[in-house]
Amino acid sequence: MEFSNLRPEILFSIWSEWFLFFTRLYRKMQKPLPELLKEYDLPVGIFPRDATNYEFNEATGKLIVYIPAICEVGYKDSSCLRFLTTVTGYLEKGKLADIEGIKTKVMIWQKVTTISTEGTKVYFMAGLKKSRSRDAYEVLRDGFTMDKF
C-alpha cells in the first residue's frame, strides 16, 4: 500500500500516533527535575515536589518548569518561595538566571531573577542579593496552593 493512496484523515491519524509515540518515549527518557538540578549544581528542592514536568534545551540552556497550580513553598530556614504555574529561566552550572515566575518575601514579595550557588550558600537575587543556607533547599517540599501570585 502506498501512502499517496491514503485519505488525508488516515495519514493524519498515522502521523498523530507516531508523534504521540515519540513524545511519550522522549518524556520517559527525560531525567527527573531534581536530578537535572543536581547535575547543574543547584539544590534539588528549589521547586515544589509536584513540579515534575519540564522542558530543557541543552543547546540554549532554556528551562521551562510546569507546576500544577500557583503555590507557595516554605523551607526549614523560614524562607518561602511563591511559584506561578510556569517558571522559565536559563540554566548553567551553579545558576538559574533570567527567571520568570518565582517570588520570595523580603519584607514584601519580590520577583526572583537569579538563583545561584557557591559552596554551602544559595543566593537569591530579588532586588538585592540574599544569601541563604543551601541545606534548606536540598529537600523536596510540598507547595501550598495559592489564589494569586
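Let's start at one end of a strand: which residue in β5 is the bridge partner of E92?

Analyst: That partner is K95. Before going further, keep in mind that this is a predicted model.

The protein chain has two helices and 10 strands, and from the N terminus on the order is α-α-β-β-β-β-β-β-β-β-β-β. Of its 149 residues, 37% count as buried. Among contacts with a separation of 6 or more, 42% are between residues 24 or more positions apart.

Now for the part you asked about. Strand β4 covers residues 80-92, and β5 covers residues 95-106. These two strands run antiparallel and are joined by seven bridges. They form a hairpin with two residues between them. In that turn, G94 has a positive phi of about 75°.

With β2, residues 62-66, β4 pairs in the antiparallel sense over five bridges. Within that pairing, I64 stands opposite T88 of β4. β3 is also joined to β4, again antiparallel, this time by four bridges. There, V73 faces L81 in β4.

β3 and β4 make a hairpin as well, with five residues between them. S78 sits in this turn and has a positive phi of about 70°. Next along is S79, in the loop between β3 (71-74) and β4. S79 counts as buried because its relative accessible area is 10%, and the cut-off for buried is under 20%. The side chain of S79 makes a polar contact of 2.5 Å with the side chain of D77. Setting aside neighbours within four places in sequence, S79 is in contact with V73, G74, R132 and Y137.

C80 is buried, since its relative accessible area comes to 17%. C71 is buried too, with a relative accessible area of 3%. As for disulfides, the structure holds zero of them.

At the β5 end, E92 and K95 are bridge partners.

How values were computed:
Residues numbered from 1 in each chain as written. Predicted model: local features only at pLDDT ≥ 70, side-chain atom pairs only at ≥ 80, totals over all residues. Heavy atoms only, no water. Buried < 20%, exposed > 50% of the residue type's maximum accessible area, 1.4 Å probe, protein only. Contact = heavy atoms within 4.5 Å. Disulfide = S-S within 2.5 Å. Polar contact = N/O pair within 3.5 Å; in protein donor to acceptor, adjacent residues only side chain to side chain. Pairing = 2+ DSSP bridges.
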